[in-house]
Amino acid sequence: MNASPTTTVKAVVTDFDVTTGLSNTKAPLQRRLSAMADMYADQEAAAAQVAQEDTLVYEFFDMGVPSTSGDVAYGTSITYPGKVGDEYHMTKGHFHEVLDTAEIYYCLSGRGYMLMENPEGDWQAAEFTPGQAVYVPRRYAHRSINVSPTEPLVTFFAFPGHAGHDYGTIETKGFRKLCVERDGKPAFVDNPRWQA
Ligand code: MN
């Protein structure tokens with residue numbers, strides 16, 4: 001066996017509630033609407049909501065795993081129900097800095113979609129229901145979307161430790177598709193503000 005050239009990491013046991021996704025021992029990072037209001041298509045609705053109450057849109061865990069290719073970063077992600085205009089609550093979404101790295105998400109509770117797109121223009125939406133795992137392929141930006149009117153969407157994720165996060169590309173360009181409510185159901189439509 002090769003000796004590890006870098007850090008020695010001790011085994012870690014962490015609790016995540018199977019329904020809420022929250023931990024009794026770790027603190028999540030929180031994203032409120034004001035931190036991502038410009039990502040929603042209906043800018044007036046976003047501004048009005050922030051003025052009324054700066055809604056908690058999602059939270060997630062960064063476990064501080066070393067950023068090496070031999071490590072596996074993991075945690076849970078909780079996206080709360082709600083809409084901005086007719087667009088469902090979502091995470092900011094990101095590419096991995098190392099594009100050729102995949103990720104796995106396992107849905108613990110709630111329902112929604114993983115929206116994905118690659119730099120070549122392909123996009124996909126995979127359904128999240130409890131017990132289903134979504135494999136996000138290498139090169140695909142990914143964003144969780146909660147389409148339940150009442151339940152949080154809770155997933156457990158794992159990805160290579162060296163992947164890194166590129167939030168800037170999505171912050172600048174957006175995703176090609178939006179997930180909006182049409183006739184009471186989720187629909188994926190072109191994002192009018194998408195920038196090539
Ligand atoms: Mn990721």
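**Helices, strands and the model**

Helices (H or I, at least four residues) and strands (E, at least two) are DSSP runs, numbered from the N terminus. The chain has two helices and 13 strands.

This is a predicted model: local features need pLDDT of at least 70, side-chain atom pairs count only at pLDDT 80 or more, and totals for chains, interfaces and linings use all residues. Residues are numbered from 1 along each chain as its sequence is written.

**Overall shape**

The C-alpha trace spans about 60 × 40 × 30 Å along its principal axes.

Contacts come next. Two residues are in contact if their C-beta atoms, placed from the backbone, lie within 7 Å. Among contacts with a separation of 6 or more, 68% join residues 24 or more positions apart.

Strands of a sheet pair through backbone hydrogen bonds, either parallel or antiparallel. Here three strands form an open sheet in the order 8-7-10, with antiparallel pairing. Strand 8 (123-128) and strand 10 (141-146) stand at the edges; each has a single partner strand, so one side of each lacks a neighbour in the sheet. Neighbouring strands are turned by 20 degrees against each other on average, direction ignored. The axes are lines fitted to C-alpha atoms, for helices over the stretch in contact, and angles run from 0 to 180 degrees between N-to-C directions.

Two strands pair if DSSP finds at least two bridges between them. Strand 7 (residues 112-117) and strand 8 share six. In one of them, Met116 has Gln124 of strand 8 as its partner.

A residue is buried if 20 or more other C-beta atoms lie within 10 Å of its own, exposed if 12 or fewer, and partly exposed in between; C-beta atoms are placed from the backbone. In this chain, 30% of residues count as buried. A nonpolar core is a set of buried Ala, Val, Leu, Ile, Met, Phe, Trp, Tyr and Cys residues joined through C-beta atoms within 7 Å.

The largest such core has 30 residues; Tyr113, Met114, Leu115, Ile145 and Cys179 have the most contacts inside it. Strand 7 gives the most, with four residues.

**Phe128**

Phe128 lies in strand 8. It counts as buried because it has 28 C-beta neighbours inside 10 Å. Its contacts include Tyr113, Met114 and Val134.

Notes: Lists of a residue's contacts leave out its neighbours within four places in sequence.
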